[in-house]
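Please read the following report with the sequence and the model side by side, and look up each residue as it is named. The report goes from one region to the next and ends with pairs of charged side chains.

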Amino acid sequence: MAEPATAVEHESRWEPGEASRRLFSRACEVIPGGVNSPVRAFGSIGTSPYFVHRAKGARVEDVDGNTYIDYVQSWGASILGHAHRDVLRAVARAAESGTTFGAPTEAEVRLAEVLCASVEGCERVRLVSSGTEATMTAVRIARGASGRAKVVKFAGCYHGHSDALLAEGGSGVATLGLPGSAGVPESAVADTVVAPFNVVPALDRSVAAVIVEPAAANMGLVPPAPGFLEGLRAACDDAGALLVFDEVITGFRLDRAGAARVFGVRPDLWTFGKVIGGGLPLAAVGGRRDLMESLAPLGPVYQAGTLSGNPLATAAGLAVLERLEPQAYEQLAGRVGRLASGLAEAIAAAGLPVQVPVCRTLFSVYFAESPVRDYEGARRAARNGLYRHFFLAMLARGVALAPSAYEVGFVSLAHEEADLERTVELAAGAAREVAEALQ
Ligand SMILES: *Cc1c(COP(=O)(O)O)cnc(C)c1O
């Protein structure tokens, strides 16, 4: 695929090309807002999106022929990079034998074996098709096993779009258990309690579970403060509540053993998604055997799925997990560390306030004077609008970051040092342009 566009150093505003614009207007006639997941619409950016024609490795090409170094990577699902040869082969080979059966297959068993063997303490897993399903099921297991109703979540953490977990908080409304979305009745969130991230909440014996992203990666990146996860573990133990790590992003991204090894705290239940599906719809809920065996058909907690454990998805997931040896994470962490410090330097040199937090293999960019510790901080950082300008200036230069200040950056194993160096160079120009426009 062609190198990213370079001759647009002074292009102050990225605009979608003609073909993307035409597709978007067609889409808006048949799909609400033109997209099948809201952030894709580029609403907070104030423009409409590029439509993807194809992608390979670290690059994505839009329908107008523009190429971008891609740090979205399907929100982290493509850890090997786009269209990895081994993944494509595995999917093609699986497809030859049929795409779905509604009966069990060996690949499901193999994928479950890999997950259980990789994550210490995760003794049983159930495969599902999305992270939303996985977290919804984790909560149901916790409630079923404990006979309690309340679930504590943290403001700014995202756990998919099920009713009970949508309350996103930050505001008093959410803390009071009011709906975070229209269409969610108060009764559906009456047992959801929202607490500030990085502060251990007081728990009582009505709490079934505390669900947390061990490193919050849906409000930009907010690593856990020292003692936070340990404090949650202790508070859950004292109250007899279950601790759920939502590792839909962090699982098999920070480390093969998950956040438990990185941070030294083990939850009772886990959710995985994104990386483990290798770019196909697949996620998992897992945990202690006694808890997991409360699921039907063994126990009273019901859960099911027509396409759960889908053969194409399990084939892709296995192909990816096979390639994620420990040194892959070291390589990724090294690259992300260098990219993050390069970005921080380049943006600061333009005189803009910037924080580039890193958690092993994840990073994000906040236009803020001081480190962000919670959702309030993330919202304060997003309010100055600098992210949007920087995003557009980067896109105009051939770099695709997440189209929202509340997301993280995903480097894949296909991003080479030269791609990262190029990204930093382009960021320096983009930051200068943003700074000049401010004057
Ligand atoms: C993406 C995400 C989800 C939801 O996963 P979907 O597959 O989009 O339903 C849940 N939790 C976290 C932490 C996520 O990042």
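Which residues does F24 touch, not counting residues up to four places away in sequence? In this predicted model, F24 touches G33, G34, V35, S48, P49 and F51. F24 is found in helix α1, which covers residues 18–30, and because its relative accessibility is 17%, under the cut-off of 20%, F24 counts as buried. F24 and E106 are 82 residues apart in sequence, and their C-alpha atoms are 41 Å apart in space.

**A charged patch on the surface**

On the surface, K56, R85, R89 and R93 gather in a patch of positive charge. Helix α3, made of residues 85–96, gives the most to this positive patch, with three residues.

**Backbone details**

S74, which is not a glycine, has a positive phi of about 50°; S74 lies in helix α2, residues 73–76, and is partly exposed, with a relative accessible area of 41%. F252, also a residue other than glycine, has a positive phi near 60°, and its place is in the loop between β8 (242–247) and α10 (259–263). Is F252 buried or exposed? With a relative accessible area of 1%, F252 is buried.

Another backbone detail concerns a peptide bond: A296 and P297 are joined by a cis peptide bond, with omega at about 10°. P297 is found in the loop between α11 (289–292) and α12 (311–322).

**Salt bridges**

Side chains of opposite charge can pair when their charged atoms come close. A search of the whole structure finds 22 salt bridges, and the table lists some of them.

| Salt bridge | N to O distance |
|---|---|
| D268 and R288 | 3.0 Å |
| R360 and E330 | 3.6 Å |
| E417 and R335 | 3.6 Å |

The side chains of D268 and R288 meet in a salt bridge. This pair links distant parts of the chain, with D268 in the loop between α10 and β9 (269–272) and R288 in the loop between β10 (283–287) and α11, 20 residues apart. D268 is buried, with a relative accessible area of 6%, whereas R288 counts as partly exposed at 28% relative accessibility.

R360 forms a salt bridge with E330. Because R360 lies in the loop between β11 (358–359) and β12 (362–363) and E330 lies in helix α13 (residues 326–349), the pair ties together parts that are 30 residues apart in sequence. R360 is partly exposed, with a relative accessible area of 25%.

E417 and R335 also meet through their side chains in a salt bridge. Here too the pair links distant parts of the chain, since E417 is in helix α16 (residues 417–438) and R335 is in helix α13, 82 residues apart. E417 is partly exposed, with a relative accessible area of 29%, while R335 counts as buried at 14% relative accessibility.

Which residues do salt bridges that share partners join into one network? The network is made of R233, D237, D268, R288 and D290.

Key
Residues are numbered from 1 along each chain as its sequence is written. This is a predicted model: local features need pLDDT of at least 70, side-chain atom pairs count only at pLDDT 80 or more; totals for chains, interfaces and linings use all residues. Side-chain values use heavy atoms; hydrogens and water are left out. Patches are made of residues with over 30% relative accessible area and no salt bridge: like charges are joined within 9 Å, nonpolar side chains (Val, Leu, Ile, Met, Phe, Trp, Tyr) within 5 Å. Accessible areas come from the Shrake-Rupley method with a 1.4 Å probe; for residues, only the protein chains shown count as cover. A salt bridge is a side-chain nitrogen of Lys or Arg within 4 Å of a carboxyl oxygen of Asp or Glu. Lys and Arg count as positive and Asp and Glu as negative; His and the chain ends are not counted. The place of a charge is taken as NZ of Lys, CZ of Arg, CG of Asp or CD of Glu. Helices (H or I, at least four residues) and strands (E, at least two) are DSSP runs, numbered from the N terminus. Buried means under 20% relative accessible area, exposed over 50%, partly exposed in between (1.4 Å probe, protein chains only). Contact means heavy atoms within 4.5 Å.
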